[in-house]
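Let's walk through how to read a few features of this model together. Have the viewer open as we go.

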Amino acid sequence: MDKLITSLDTNLGAVLREQLDTNFQKIQAGVDGQSDALNKQITDLLGNVAPQDQNEVTQARIDAHGNTYGTLKSREDVTQNTAETALSEERATSVEVQDARTNSSSQTYPTLKERMDNQENDLNNSFNDKLAQISAVPETFTNLAALQSKYPNGSNGIMVTADTGHKYIWANGNWTDAGVYQSVGIADGSVTKDKIDRVGYNQIVNSFAVPSLAFKWSGSIVSVSGDDVFFSHDPASPTVSNFGVTIPVKLEKTPSPTDTFYLNFDYISSALANDPSLDKMEVWITKIDGTILAKISPTFFYASLTKTSYQLPISATTILNNGLTTSFGIMIATHNIPSNTTISNFRFNDDNGSETIDLNNRNNKAVVKMARKSSAFSQNYSLIINGDVVTAKSFDTSIKPIIEVPYFGLDITKTVYFELETYIDPNTAQFGHFWIGKVATTTPDGRIQKGYGKVTLEIHPNELSQKGVTKDGTVTITIGDGATEGLIVNHISISNKPIDGDLDKTMKSINDNSVDRHIVKIGQSIAGIDSTSAETIAGLDFVTPKNVYSGSDGILKRIKAYVSTAGSYTFKIAKIDQNSLIVDSTNYFSLSLVSGYNDIDVENQNMQVPDGAQVFMNLSSGVVYKPDDNHLDIVPSLIRDNSHPTTNPGYSGQMLYDAGLLIPFNYEVIDKSPINSLNELRENVNSNNQEIAQLSVFKDNVLVKSPSGKSFRLVVSEDGTLSTVSQVPYKVAIFGNSLTSYDAIGGFGLAASNQNNDWFAGVKDHIINANNSATVYRGKIGGWEGSTTSSDRQNYFDNSIKPNLSSDTDLVIVQAGDNVNTADKATNIYSDSKQLILNIKQVSPEARVFWVASWFVSKFANVDLIASIKNACSETGANFIDITGYSNYSENNSYIGAKITKPDGTVITVTDPGYAAHPGDRGHKIIADTVNSYLGF
C-alpha cells in the first residue's frame, strides 16, 4: 500500500480536501491488494481440490477426541509420533517376555506358561516337605522372650508359651502369635446345659494350676503325660545338684488379703538317698516366667519310694507381697537327689479340695494329711497317716503321744462345728483331752472317753474369741492320765457347716443363711472411733443409737463394739416411752469383750427384737467419743446418766438424751429364719393347747339367770351367806397409765388417733351397750407404778385410787405394769400388786377386779414381772388379762407421722419414737376386744 500524506495543510480549504481524498484512494487500493493476495494463497494451498470438497478438508483437521489442528499436516504428524511410540513399547515388551522365560537357574522355557506351571509344582513339593518336618507335639517356653532366645533365627514346629497359652510359628523372619493353642476360644455364656451330655463330679478338676504347661528349673528334664508331670536330673548338667519343675497357676481374679489357697499333690521318686540331709524337697513361688521369688514350704519334705501326698496352705498375702496377682508359678525343687520324680494330682485351689470337687467333705477345714507330732513335747513316738486316719504309737510307755492336726480358713464370725472320733486303749488310759486353736499346755477344751470316743461341739462366735480360736490354727489330741502305746484319730472335722449327716443342723444352717432374710443395720460405723477424743460422762450407764427397729419378726443378729478395757459388758433390749425413759426391757444379756474392736454374732441366742425396740449397751465402765471431721455424728445417739431425771408428774427415772456424741457400738437385726418361725409357732400351739386344757370358768363367775333372762353372779360372804350381783356392771372404775390416760393429748389413751378409738372407749361402749345406765370412770395409776417402796404405793392408793371407789363399785379394771421398768420398782411388785387388789376389794367388796398387763414388759435378773402380777391375781381372786406380745407386731403399733386429734380438735403429728411405740388404733382395739371377752356379758 502506497504511503499516505502525513503533512496535511492546516488551512481548511481545497488543498486539505485534496490531500484527504488522495489518502482514501491509497487505503482502498491497499485493502483490495491484500484480499487478492489472500485468495491466491488459499487457492495455492488447496491445489486441485474441487471447490465442493474444500469443507471436508477443514473437518479432517479435527480428531476423534475433538482436538482441532491448525493444518491437516500437523494432525498427521501427531498421529505418526503416537504410532512410533507404541511400536517401541511393543518391541520392549517382547524382550521382557522373552527374558521371563528364563529362571534364576538360567533354564529357558519355550513359553512363560510352561515356566510358571513348573514353578508351582516345585512350591507344592517344598511346602509338603516342610509340613512333614513339623512336629505335632508343641515345644513349651515360659514366655516369648524365652522362645526368641533359644530360636532367634526360627525353627520348625509349634511353640507354646506358658504365660499366655498361645502358639507361635516362624513366619517372615519373626515369631508370629497364632492364637490360643488347640482352641478357638469359647465365648462367655456360650456353654449351656443343652451342650453338655453328662459330667461326673469326680471329673471336675478343682484347680487353678496348669500342669500341662510345666517347665524345667535348673538342671532337669521335664515331660508331661496327661495329668502327671515327670522330672529328672539332666545328665548334661552333671555339676547341678539342685533341679526341679515349675507349674503355672492362673487365678480367676486378684485375691483378697484374707483369702487362703491350698496346694495339693502326690509324688513318688524312683531312687532315694536314705540320708535325711540329702532327701530334701521344698516348694517355691515364682513369677510366671520361672523367676524365683520366695520359698513357701515352712520345712523340707523328703523324697519317697511310695506314693506320698503333700498339702500346703498358702495365704493370699504370700502372693500379693511378692508383687503377684493372678499369674505365677509353683516350683517343686529337689536337692542332691539323683532320682526321677513323678508329680500327680497337682491342684492349687481355694477350698481345701485335694483333687476333684468333693461334695461330701469340701467344708472340712482340718488337713489330716498335714498331721504332725507336737513340737512342745517329746517326739519319741511314731506318726502314721493312712487316708483320714492318724495313728500315734509311742516307743516309750512313759511318753504320751500327741497328735496335732492343722486347720485353715475358718470363718470365726460364724458358728463352728467340731467333730472328733478317737480310739484310746481302755486298758492303759482312762480318757483323752483335746484343744482347739491352742497348745496342750493350757486348759483343754474337752475330754475324750476311753475306747471308741466321739465328741461333737457347736461353738458360737462369741465363744470362739474366748477360747482363742483363730482363722488358722491347730487341733491337739492326747491321752489323759495313764500311759498307752497308741492313740488313733479315726475322724476329725472342723467347719462352718454342720457335720455331714446331721439333718437337723444342716436344715438349720440352710435356713439361717437364707439369702431372703432381711438384715437391718442400726447405728453408725464405729470404724476408727478409737482415734477420736474420748469423753467421760459422770454417772453414764446405758447408750443406744437413736433409730429403732421396725418389723415384726426380728432377732438380734450381731453386736459390734469397741472397748478399751476387756471384760463382761451388759446389754438389754428395751423400748423408750414418751417420757424418754427406758421401758419394756425384754432381755438382759452379757457379752465378754476383748480390748479393741469386737464383732460378735449372737443370732444363735435367738433374742427377739420387737417392733419399736432398741438395743442398749451399759457403758458405766466405758466412755463415749467426740465427733470430728473424720467421724461425723451421722446417726444420733442417746445416752443416759444420773443427772437427767424426768420432770413429768407421776413418772420417775433418768431420761435418755442426745448429747451429740459418738457411742462405740452398733448392732444388726435379722428376720427370723423359717426354722425359727416354725419352732415359735410350734411352741405357741403347745402353749395354747396347755391353756385350753386348763380352761375353767372363773371361780367368781358362777352365773344364774332370772326368769326374764338377766344374768347374775353368785357372791359368797365370809359367813357363807349367798347373794347375787348383776353380771352387767352399773358402776365401773378403770385405772391405767399412758395407754389409758395421757394428759398431753387430752386425757385419752396414747397413741390412739382420737378419744373414741382408745381401748378405754372400746370397753366403755361395750358396757354401755349392755347397760345404758352404767357409769365408767377413767383414773390414773402411773404414780403407783413409778413408786419404789410399798409405803409410797400405799400412799398413792389412799390418795389417788381409793377416793374414786365406793362400796357399790361392781367392776374395777387395773391396767398397770408397763412403767415398772427398773429393778427398784420391781423389787416388791408381787406383794404390792397383791396388796393393791386387796385394797380395792376392801373398798368395793362386790367388785370384780381385772388386771390388764402389759404392752411394755421389762425383764429383770431376779424378778419375773408378769409372773408376779399373775400370782398376785390368782391369790386374791382377781382375773389376769394377758396382752403381752401384742406390741411385737408392727401393725398394732402407732408410727412416726401418725395423726392424733385432741378433744379440742387440735391435730398433732407423732414425731417421738416413744409415742410411736404405743398402740395405734388397731392395737387399742385388740386390747379392748380382749378385755371385753373376759367380762362375760
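Predicted model: local features only at pLDDT ≥ 70, side-chain atom pairs only at ≥ 80, totals over all residues.

**Reading the fold, piece by piece**

Q: What order do the strands of the open sheet take?
A: Strands here are DSSP runs of E with at least two residues, helices are runs of H or I with at least four, and both are numbered from the N terminus. Two strands pair if DSSP finds at least two bridges between them. In this case five strands make an open, antiparallel sheet, ordered β17-β18-β25-β20-β23.

Numbering starts from 1 along each chain as its sequence is written, and side-chain values use heavy atoms, with hydrogens and water left out.

Q: How many bridges join β20 to β23?
A: Nine bridges link β20 (residues 416-424) with its antiparallel partner β23. Look for phenylalanine 418: leucine 457 of β23 is opposite.

Q: Is valine 609 buried or exposed?
A: Buried means under 20% relative accessible area, exposed over 50%, and partly exposed in between (1.4 Å probe, protein chains only). Valine 609 counts as buried because its relative accessibility is 0%. This residue belongs to strand β33 (residues 608-609).

Q: Which residues does valine 609 touch?
A: Contact means heavy atoms within 4.5 Å. Leaving out residues up to four places away in sequence, valine 609 touches Tyr549, Gly554, Ile555, Leu556, Ile573 and Val669. Take isoleucine 555: 54 residues from valine 609 in sequence, yet 5.2 Å away in space, C-alpha to C-alpha.

Q: Which residues have the most contacts inside the largest nonpolar core?
A: A nonpolar core is a set of buried Ala, Val, Leu, Ile, Met, Phe, Trp, Tyr and Cys residues joined through side-chain atoms within 4.5 Å. The largest one holds 32 residues, with Leu263, Phe265, Phe328, Ile330, Phe346 and Phe348 having the most contacts inside it. Another core, of 31 residues, lies apart from it and includes Leu805 and Ile840.

Q: What describes two packed helices?
A: The angle between their axes and the distance between the axes. Axes are lines fitted to C-alpha atoms, for helices over the stretch in contact, with angles from 0 to 180 degrees between N-to-C directions. Here the axes of α14 (residues 829-843) and α15 (residues 865-876) come within 8 Å and cross at roughly 35°.
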